[in-house]
Amino acid sequence: MSINWYVTVAVIIFSIGAAGVLTRRSPLATLLCLELMLNGANLALIAFARMWGNADGHVFVIIVMVVAACEVCIG
């Protein structure tokens with residue numbers, strides 16, 4: 001598959017999360033939308049790391065997953 005498909009899905013997921021953060025008033029819904037934004041960014045990082053053939057993107061994804069886990073603990 002082309003990287004365009006991965007980036008398109010990542011942008012859609014990130015946009016849904018951003019729209020939710022801007023429109024929701026509930027703290028729990030805002031945290032869930034932030035999770036969507038993080039997952040969209042993770043998908044883009046993995047896609048670009050795969051395209052370039054290095055592991056730098058994978059390291060960043062692990063860091064983002066740790067931040068998301070901390071966010072869940074706070075929620």
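Predicted model: local features only at pLDDT ≥ 70, side-chain atom pairs only at ≥ 80, totals over all residues.
Colleague: What do the buried residues of H2 pack against?

Modeller: They pack against helix H1 (3-23) and helix H3 (56-74). Among these buried residues are Cys33, Met37 and Ala44, and Glu35 is also one of them.

Colleague: Why is Glu35 said to have no salt bridge?

Modeller: A salt bridge requires a side-chain nitrogen of Lys or Arg within 4 Å of a carboxyl oxygen. The nearest side chain of opposite charge to Glu35 is Arg24, which is 15 Å away. Leaving aside residues up to four places away in sequence, Glu35 touches Ala68, Glu71 and Val72.

Colleague: How many aromatic pairs does a search of the whole structure find?

Modeller: The search finds 1 aromatic pair.

Colleague: What makes the pair of Phe48 and Trp52 stacked?

Modeller: Their ring centres are 5.6 Å apart and their planes lie at 25 degrees. Planes under 30 degrees apart count as stacked, so this pair is stacked. Both residues lie in helix H2, 4 residues apart, about one turn of the helix.

Colleague: Why is Trp52 called exposed?

Modeller: Exposed means over 50% relative accessible area, and Trp52 has 60%, so Trp52 counts as exposed. Phe48, at 31%, is therefore partly exposed.

Methods:
Residues numbered from 1 in each chain as written. Heavy atoms only, no water. Buried < 20%, exposed > 50% of the residue type's maximum accessible area, 1.4 Å probe, protein only. Helix = DSSP H or I, 4+ residues; strand = E, 2+ residues; numbered from the N terminus. Contact = heavy atoms within 4.5 Å. Lys, Arg positive; Asp, Glu negative; His and termini not counted. Phe/Tyr/Trp six-rings, centres within 6.5 Å; stacked < 30°, edge-to-face > 60°.
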